[in-house]
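Reader: I am new to this structure. Could you walk me through how to read its features?
Author: Gladly; let us look at it together.

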Amino acid sequence: IRLAQQLAQAKPGGSKENVMWEVVVTSNAPVVTVVSPNGGESWTASGTETISWNASDADGDPLSYNVGYSADGGATWTTMTANTTATSYVVDTGTIPGSNNAMVRVTATDGVNTASDTSNASFTVAEKGPEAKITAPGVGAMFFIGDMVTLAGQGEDLEDGLLPAGSLAWASDVDGPLGTGRSLQTNALSLGTHQITLRVTDSDS
């Protein structure tokens, strides 16, 4: 395929060709095959695992690859790495959602033609626990008896995303349970030093 731009010359009826770029399209698309994980494997919640594949191109073109991960059996995909020229990719399993229906997909391209292969069957990635984050009050904050104290925070995990307000429970090591929600106000804290705890619960718990 040759892409060009025609520019008018000063001479009437004349023209010249200014070549912007050229792309050579070869006859054959790449061939790619996922080697692992290809179905039935079990990945832990943390650590590393390797995605590997074989690929070739009958025209001898250099290939690059995009690697995708699906936690829902191929309904949706997240790109794990793009434009790699390696034929393997090391995954930190702690950074991907857990699933009993996980799959990977590798797409190969020679720059024009593309081909893809997906795990032949699903594999398992262990579910991740939720993470809690307290945004207020800050460490060392001081209040007077009767002051209105605002507790604020959030909880999320890789499978559920941002957790609903009812999944967040606040407690004090002095006064016990304080309530639920992403934000909670109280003016009933007892005199003394409090350690405030935010406990979050995901759909797996």
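Reader: Which residues lie nearest the centre of the largest pocket?
Author: A pocket is an open set of points on a 1 Å grid over the protein atoms alone, where a 1.4 Å probe fits, with protein on both sides within 12 Å along at least five of seven lines; lining residues have an atom within 4 Å of a point. Here 25 residues line the largest pocket, and Ala141, Phe143, Leu189, Gly192 and His194 lie nearest its centre. The model is predicted, so local features need pLDDT of at least 70 and side-chain atom pairs pLDDT 80 or more, while totals for chains, interfaces and linings use all residues. Residues are numbered from 1 along each chain as its sequence is written, and side-chain values use heavy atoms, leaving out hydrogens and water.

Reader: How do nonpolar residues group in general?
Author: In soluble globular proteins, nonpolar side chains tend to be buried together. A nonpolar core is a set of buried Ala, Val, Leu, Ile, Met, Phe, Trp, Tyr and Cys residues joined through side-chain atoms within 4.5 Å; buried means under 20% relative accessible area with a 1.4 Å probe, protein chains only. In this model the largest core has 19 residues, of which Ile51 and Tyr69 touch the most other members. Strand S9 (99-109) gives the largest share, four residues. Another, separate core has nine residues, including Leu189 and Trp170.

Reader: Is Leu63 buried or exposed?
Author: Leu63 is buried, because its relative accessible area is 13%.

Methods. Buried < 20%, exposed > 50% of the residue type's maximum accessible area, 1.4 Å probe, protein only. Helix = DSSP H or I, 4+ residues; strand = E, 2+ residues; numbered from the N terminus.
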